[in-house]
Amino acid sequence: MLTVSNLSVQFGKRILFDEVNVTFTQGNCYGIIGANGAGKSTFLKILSGDFDPTSGHVSLEPGKRMSVLNQNHNMFDEYTVLETVMMGNKDLYEVKKEMDELYLNYTDENADRIGELQIRFDEMDGWNAESAAATLLSNLGISEDFHYTPMGEMDAKLKVRVLLAQALFGNPDVLIMDEPTNDLDFETIAWLENFLAHYENTVLVVSHDRHFLDAVCTHVSDIDYGKINHYSGNYTFWYESSQLAAKQRAQQNKKAEEKKAELEEFIRRFSANVAKSKQATSRKKMIDKLKLDDIKPSSRRYPAIIFDQDREAGDQILNIEGLSATIDGEVLFKDINLNMAKGDKLVVISKDSRATTAFYEILGGNKQADAGKVEWGITTTQSYLPVENHDFFDNDLTLVDWLRQWAKTEEERDEVYVRGFLGKMIFSGEEALKTGRVLSGGEKVRCMLSRMMMMRANVLMLDEPTNHLDLESITAFNNTLKNFKGTILLTTHDHEFAQTVGTRILELTPNGAIDRYMTFDDYLDDPKVKELRTKMYS
């Protein structure tokens, strides 16, 4: 379907890709993964023709159509929403446009041309195209009221959904998507997961959402050491198998047959737990056929994120009574009552992200509530990861001096100790002498996590903690929160995070709160909760 031959990309002395040869075949969904800077987005741009490689070429099977999720959100501002979606199938849109223009100026001379175009339009199933585009939009949460609205008047988050509908429109043979779940809510992501799990053509996707990758991928395409290797199975299978391979490589003394038995047992276990999707049967066959030599250790580095507590909290954690907040007169939430128990891992959600952020800012004492009271237990200590961290880095301190601000003992203030701490968070050598102003978004979040680890609080408050982080950091972070013995309040767009960490869900609405002791998946699927959510937001 899509073939990459002898592809090389070099920027100055830096080699991004080195003689890559890889084929993407019909009916498979490939999750493109790689460390930050490995070239995931560059690779997708090369495939779509937006970036020229240093050498090598990409070939799409003749007669096949490729569709790419557009990243330029203002490109279609002068077109209506429905038109923008139909432009996803360029040939069909051009035929329709020419027909419409000829109809406006109908003559005997152009009647033959209209007849030719109608035949082509019919072959493309053009007469059903508009209703297919409208259905796609509705499935992605864009109601009919917006279908004839100019894109320039659409809210930025809704534009993302229209461009996603454009990419999916017309059943493309190859579908390429870079971070398609950004700015989507959990319900829309679930719809997209289901759509792609049943999609019979070729899909290539870059995503930091592990739940999404697990739900849709038949293969993982790993960019490592300037090469791209395909592995059967989804992201979790790749992650666990690469971890096992790395562990085995370190066990020099272990006998070869013992290592083989361990790998075989791993494949058997995973094969039995393959996700129940349309792809499950074919994926299981792939895993069963997998040769043990196919599993390789990865060069990825995972930060050592470990939260300890200075002291264990007592039974009184947090009591909230009648809490309400507004912004410019608009109600974010009201009448919130909550009593948190020791060890609760509370996932705080809302359809309005301003509500969850305001909630954390009030709990952290940074914002005044409109009404109600907040009472922390006297044995609790809190550390907070805000969604915005700019103010923390508005200085010229090196990372060593920056992190030293939260040291509690003389030992912790020692440069060797601080550098060791930063090294575990993948700031090694000279990187520890960078200043906060030059850090990337992901590096800043790793610094904020280092700060929280130094504080050793028994209550963690996390507002969108996975923003800007790579898959390696997200995975390490997720694993440590599952094992944390203290109390957690967490808001996240990462489904896997919410499902594997949360033991209780609190939803903030303009008409009160929904509070349930259940997993995140159970909460989303519960019919009574669905009914209540509809009522609370109306």
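This is a predicted model: local features need pLDDT of at least 70, side-chain atom pairs count only at pLDDT 80 or more; totals for chains, interfaces and linings use all residues.
Entry 1: I found an open sheet of 3 strands in the order 2-1-4, with antiparallel pairing. Strand 2 (14-24) and strand 4 (55-60) are the edge strands, and each of them pairs on one side only. On average, neighbouring strands here are turned by 15° against each other, direction ignored.

I then checked strand 1 (residues 2-11) against strand 4 and noted 5 bridges in the antiparallel sense. Thr 3 stands opposite Ser 59 of strand 4. I also noted that helix 1 (residues 40-47) lies across strand 1, strand 2 and strand 4. Helix 1 runs at about 125° to strand 1.

**Entry 2: the hairpin.** I moved on to strand 10 (residues 318-327) and strand 11 (residues 330-340), which run antiparallel and are joined by 7 bridges. Ile 327 has Glu 330 in strand 11 as its bridge partner. Between the two strands of this hairpin there are 2 residues, and Asp 328 takes a positive phi near 50°.

**Entry 3: the helix pair.** How do helix 3 and helix 4 pack? I read an angle of about 150° for helix 3 (residues 90-104) and helix 4 (residues 108-123), with the axes 10 Å apart. Angles over 145 degrees count as roughly antiparallel, and helix 3 and helix 4 are therefore roughly antiparallel to each other. Their crossing is left-handed. I listed the contact residues, among them Leu 92, Val 95 and Met 99 of helix 3 and Ile 114, Leu 117 and Phe 121 of helix 4. Sorted by class, this contact has 8 nonpolar, 2 polar and 4 charged residues.

Technical notes:
Residues are numbered from 1 along each chain as its sequence is written. Side-chain values use heavy atoms; hydrogens and water are left out. Two strands pair if DSSP finds at least two bridges between them. Helices (H or I, at least four residues) and strands (E, at least two) are DSSP runs, numbered from the N terminus. Axes are lines fitted to C-alpha atoms, for helices over the stretch in contact, and angles run from 0 to 180 degrees between N-to-C directions. Contact means heavy atoms within 4.5 Å. Angles under 35 degrees count as roughly parallel, over 145 as roughly antiparallel, 65 to 115 as roughly perpendicular and the rest as oblique. A crossing is left-handed if the near helix is turned anticlockwise from the far one by less than a right angle, and right-handed if clockwise. Ala, Val, Leu, Ile, Met, Phe, Trp, Tyr, Cys and Pro count as nonpolar, Asp, Glu, Lys and Arg as charged, and the others, Gly among them, as polar.
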